[in-house]
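Subject: Structure handover

Hi,

Here is the structure I promised to pass on. Please open it first, then read my notes below.

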Amino acid sequence: MSGAGRLHGLREDLREGVGSYLRRALAWRWRLVDPARLWLLAALCLSLLPHLGRLPWLLILPAMLLLAWRLAFELRLARLPTRGLRWLLVGLALAATLGSYQTVLGRQAGVALLVIMLCLKLMEMQRPRDVAVVIGLNYFVVITVFLFDQSLLMGAYMLLVVILITTALVALSRPGSERPPWADLRYALVLLAQAAPLALLLFVLFPRIDGPLWHLPEEAAGASTGLSDSMSPGNISRLGDDDAVAFRVQFDGPLPPPGQRYWRALALTHFDGRRWSNPDSAPHQRPPARNLDLQVNGTAVDYTLTLEPHQRRWLFALDMPVSLPRQSSLSPDFELLAREPVASVQQYRLRSFPDYRLQAQQAPDAARYGQLPAAAAPRARLLAARLWAESADAADYVQRVLALFRQQPFYYTRRPPHLADDPVDGFLFDTRRGYCEHYASAFSVLMRAAGVPARVMTGYLGGETNPLGDYFMVRQSDAHAWVEVWLQGRGWVRVDPTAVIPPARVEVDARGADGLRIPGLDALAGSGWAQAVWRRAGFAWDNLNHYWNQWVVGYDRDSQATLLQALGLGDLDAQGLAAVLFTALGGVLGVLAWRVFRRGGLRRDPVALAYARFCAKLGRRGLARGPAEGAEQFSRRLRAARPDLAPQVILVTRLYQHLRYARHPPRDGLQRLQAAVRRFHP
């Protein structure tokens with residue numbers, strides 16, 4: 001063999017030897033790690049995972065480094081920081097939190113501070129008491145996740161984290177015993193299964209209160225979803241690909257016809273040449289409506305609406321609502337506004353009349369509903385002047401403008417070309433391709449240019465029925481904009497200019513039969529069965545989410561009253577409900593106690609049981625242990641009274657103390673303690 005070949009062989013042997021050594025060394029170090037700490041670190045990593053997208057990297061990165069540091073310490077690869085360094089890290093954590101949020105109060109800042117301080121606590125976790133503190137704080141971190149996300153998927157994920165935390169608690173309470181790691185997991189599952197009936201009873205029967213249990217300060221950093229409080233080209237078309245559910249509706253009777261499924265949200269009355277908004281700076285500053293002047297006809301539509309959180313104040317209602325949910329108000333533009341931002345799932349009852357006449361006897365404010373910038377849309381103003389001159393009245397003028405959209409080559413598309421300078425003139429005379437916001441904006445400008453009061457309305461149009469559940473779904477992709485014009489004798493009239501575009505001029509992309517995009521199935525456009533299976537799975541998952549929102553997240557006082565009425569307990573007052581609750585809790589606890597004692601009573605700790613036998617043997621020889629006497633103090637007294645027993649007393653005491661208080665108790669310590677006690681004959 002040549003010299004190069006021998007050298008190559010030596011390198012391969014060295015690489016294999018080093019790899020084998022590292023694998024054995026790492027396996028040996030893993031066997032030294034306390035199982036309770038491994039379970040705890042795994043649970044802590046999983047509980048922090050949902051916060052990765054919410055907290056700044058200035059805090060997330062140090063938290064990850066601290067977790068890695070602790071794991072390295074458990075593997076005997078690093079040392080914990082000194083006391084001075086720990087205090088320095090605490091100061092840096094506080095500075096990072098203040099630098100990121102300018103406060104340590106509120107939902108975002110408070111959760112961030114809890115997360116980083118919990119990770120810092122790992123740097124001084126030595127005794128079993130420290131481990132118990134970290135376990136308790138980890139339960140609090142689980143709770144903080146639901147301040148941001150209360151979905152069914154997150155609930156299932158957090159249940160997994162709770163199982164791991166409880167497993168760490170079980171492993172901490174049974175140190176030193178030789179058992180497989182899965183034994184602690186199985187024991188934790190049994191504990192949680194026994195606690196589930198108690199939690200269910202408390203959830204169902206504990207008196208509910210109106211509103212949240214605590215009030216958190218408003219935070220500008222909270223991300224909002226869905227509709228915006230303004231409209232410019234591209235605002236609504238960006239939601240066309242978003243199939244997230246905006247809200248769900250359960251109708252008491254038949255569904256209204258498709259042409260009446262307009263879900264009213266915001267009125268936009270101010271135009272700056274490109275962007276529509278409301279002159280009031282915020283929804284909560286808009287004054288409530290004083291003169292409703294609403295006449296309704298036809299049949300009322302009663303329904304229950306379950307609204308997903310969107311971090312805004314506006315609520316949605318079928319046009320036109322005549323009732324208000326609790327803690328809400330109606331603006332002069334007939335916007336339904338909540339007192340607080342919708343930060344969690346809300347459910348409310350409403351009644352609407354699709355056939356109505358609004359403010360027919362009261363002329364609107366011309367300055368508010370006729371405002372246009374002086375330099376905006378010059379070509380549109382000339383077009384409006386020509387059409388108005390050919391019209392008999394305002395109603396005829398509306399029809400002429402709609403005929404313009406219908407007869408001229410205007411196209412409806414979700415991918416309109418960019419409008420650089422004047423978006424209204426560019427859309428009307430150049431591109432003639434747009435989404436609903438382009439048509440609503442141009443139509444409103446043409447109305448106002450002719451002196452017809454107009455306002456842009458944003459909300460949702462349509463929706464679909466879930467065939468697996470008795471409810472109606474409205475998605476973000478159903479977001480829509482239309483116009484309301486005021487006509488003499490008729491009041492505010494809804495006009496939807498996009499509805500007049502012929503189907504031949506509607507440009508569509510790869511979408512489902514009802515316009516719903518099906519992610520991941522574009523390549524299977526020819527596989528009808530695949531789309532059908534995917535859609536049915538989506539409906540089933542949404543049905544689960546609907547029941548989760550209705551009976552868990554949205555379980556309020558009204559839901560509790562409905563459930564108690566169905567159970568025949570609707571006539572109970574607060575005292576009667578409390579009596580039922582405590583009786584049920586007592587019954588469940590009695591069943592659990594009977595099952596425990598039927599199998600031989602409570603299982604004592606084997607370490608404590610072995611030491612108790614040791615003390616009992618000494619007690620029969622007149623050397624009883626005092627009620628408040630510690631193991632070390634008792635050992636010194638025994639050695640002074642019976643020097644001949646000193647070696648055995650020292651052995652038993654040290655084994656007991658190591659099993660009870662050592663950070664890494666010996667794995668065979670329990671067997672050695674039990675054998676020493678059996679051999680001990682004073």
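This is a predicted model: local features need pLDDT of at least 70, side-chain atom pairs count only at pLDDT 80 or more; totals for chains, interfaces and linings use all residues.

At roughly what angle do the axes of helix α5 and helix α6 cross?

Residues are numbered from 1 along each chain as its sequence is written, and side-chain values use heavy atoms, with hydrogens and water left out.

**The two helix pairs**

Helices here are DSSP runs of H or I with at least four residues, strands are runs of E with at least two, and both are numbered from the N terminus. Two packed helices are described by the angle between their axes and the distance between the axes. Axes are lines fitted to C-alpha atoms, for helices over the stretch in contact, and angles run from 0 to 180 degrees between N-to-C directions.

Now the answer. Helix α5 (residues 107-121) and helix α6 (residues 128-145) cross at roughly 155°, and their axes come within 10 Å. α5 and α6 are therefore roughly antiparallel to each other. The cut-offs are under 35 degrees for roughly parallel, over 145 for roughly antiparallel, 65 to 115 for roughly perpendicular, and oblique for the rest. The crossing of α5 and α6 is left-handed. That term means the near helix is turned anticlockwise from the far one by less than a right angle; clockwise would be right-handed. On the α5 side, the contact is made by Val111, Leu114, Leu118 and Lys121. On the α6 side, the residues include Val133, Leu137, Phe140 and Val141. Contact means heavy atoms within 4.5 Å.

The second pair is helix α17 (residues 606-619) with helix α18 (residues 631-641). Their axes are 13 Å apart and the packing angle is about 30°. α17 and α18 are therefore roughly parallel to each other. The crossing of α17 and α18 is also left-handed. Tyr611, Phe614, Cys615 and Leu618 of α17 make the contact with Ala631, Phe634 and Leu638 of α18.

**The whole chain**

The chain has 20 helices and 18 strands. Of its 682 residues, 43% are buried. Buried means under 20% relative accessible area, exposed means over 50%, and partly exposed lies in between (1.4 Å probe, protein chains only). Among contacts with a separation of 6 or more, 73% come from residues 24 or more positions apart.

Strands of a sheet pair through backbone hydrogen bonds, either parallel or antiparallel. Two strands count as paired if DSSP finds at least two bridges between them. Val249 stands opposite Phe472 in β16.

**Strands around β17**

How many of the nine residues of strand β17 are buried? Nine of the nine, across residues 479-487. One side holds Ala479, Ala481, Val483, Val485 and Leu487, and the other holds His480, Trp482, Glu484 and Trp486.

β17 pairs with two strands described here. Seven antiparallel bridges link β17 to β14 (residues 454-461). Val456 has Val483 as its bridge partner. Five antiparallel bridges link β17 to β18 (residues 491-495). There, Glu484 stands opposite Arg494. β17 and β18 form a hairpin with three residues between them, and Gly489 in the turn has a positive phi of about 80°.

β14 also pairs with strand β2 (residues 262-268). Six bridges join them, again antiparallel. All seven residues of β2 are buried. Two bridges join β2 to β7 (residues 317-318), where Arg264 stands opposite Ala317.

**One residue to look at**

Find Tyr356 in strand β11 (residues 355-358). Tyr356 is buried, with a relative accessible area of 13%. Beyond its neighbours within four places in sequence, Tyr356 is in contact with nearby names from above, including Arg264, Glu484 and Arg494. Tyr356 and Pro321 are 35 residues apart in sequence, yet 9.9 Å apart in space, C-alpha to C-alpha.

Best wishes
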